[in-house]
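The sequence and model are shown first.

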Amino acid sequence: MTNKSTIDKLIEMRLSTMADAFRNQLSDIKYNELDFEDRFGMLVDSEYDSRKSNRLRRLIKKAEFDQPTANVLDIDYTSGRKLNKALIKRLASCEYITEHRNIFITGATGCGKTYMACALGMEACKRFYNTAYVRLPDLLLDLELARADGTYRKILGKYSNPLLLILDEWLLLKPNAQEQKDILELLHHRRKRSSTIFCSQYRFDDWYDQLGGSDSPLTDAIIDRIAHDSYMINITSIDPKKDISMREVYGLDKSLRE
């Protein structure tokens, strides 16, 4: 069998990275000094690393992060916010996902909730967990439209299936009766089989009223499906007078760059 034939077969089997690595070995005499096992191992490593890298890119793209460059290593702990660095480091290990636990990230507009959630989402992708980001208003609109065209179960599955779902702008607006039903249905499907990060301007103690309080028969049911064994991160200011928007800190405020 000729080397060209070997390369053609590798490409046919969709092992293009291995084929490229083999070409490099053939053209570089230094590889002649290596044993067959070492050279073959290097070829396999090249293909393996390439496939892992491609898979990670696909997961990140599919997640549709609001801030796709977010990184836990870049979370700012010196900008006057009260942040538990030890807790965030622990969450970055993604252990909470294997335990099917949730995270509540609360705080005022511009405090860095979305950035932190996306940074944790990126860590989940690096461990090859199927991850998705969505604003709650967009999710509810998707379900409303799906109900009208008969694709409700499909769209519900789109948001129920990811091992990690980031729900941004959680309860920014009070949901109506139908939206409460949709929220309950989603959380029921995700309970004890996946994890959700809730980003909200309202602290957890205020969620009951935002969901309709005692006037809604679904409020307790919704709270019950997310409240147990959840990590809570409430981002508050040490000195409100020196507040700087985290959009500015992370260079995300377009108006400041124009």
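## Helix pair

How do the axes of helix 1 and helix 2 cross, and within what distance do they come? The model is predicted, with local features needing pLDDT of at least 70, side-chain atom pairs counting only at pLDDT 80 or more, and totals for chains, interfaces and linings using all residues. Residues are numbered from 1 along each chain as its sequence is written, and side-chain values use heavy atoms, without hydrogens and water.

The axes of helix 1 (residues 3–12) and helix 2 (residues 16–27) cross at roughly 160° and come within 7 Å. Axes here are lines fitted to C-alpha atoms over the stretch in contact, with angles from 0 to 180 degrees between N-to-C directions; helices are DSSP runs (H or I, at least four residues) and strands likewise (E, at least two), numbered from the N terminus. The two helices are therefore roughly antiparallel (over 145 degrees).

Helix 1 contributes Asn3, Thr6, Ile7, Leu10 and Ile11 to the contact (heavy atoms within 4.5 Å), and helix 2 contributes Ser16, Met18, Ala19, Phe22, Arg23 and Leu26. Seven of these residues are nonpolar (Ala, Val, Leu, Ile, Met, Phe, Trp, Tyr, Cys and Pro), one is charged (Asp, Glu, Lys and Arg) and three are polar (the others, Gly among them).

## Second largest pocket

The second largest pocket holds about 250 Å³ of space. A pocket is an open set of points on a 1 Å grid over the protein atoms alone, where a 1.4 Å probe fits, with protein on both sides within 12 Å along at least five of seven lines; lining residues have an atom within 4 Å of a point. The volume is the space filled by probe spheres set on the points.

Of its 18 lining residues, His100, Asn102, Arg191, Lys192 and Arg225 are the closest to the centre. Strand 5 gives the largest share of the lining, three residues. The lining divides into eight charged, six polar and four nonpolar residues.

Methods:
Parallel < 35°, antiparallel > 145°, perpendicular 65-115°, else oblique.
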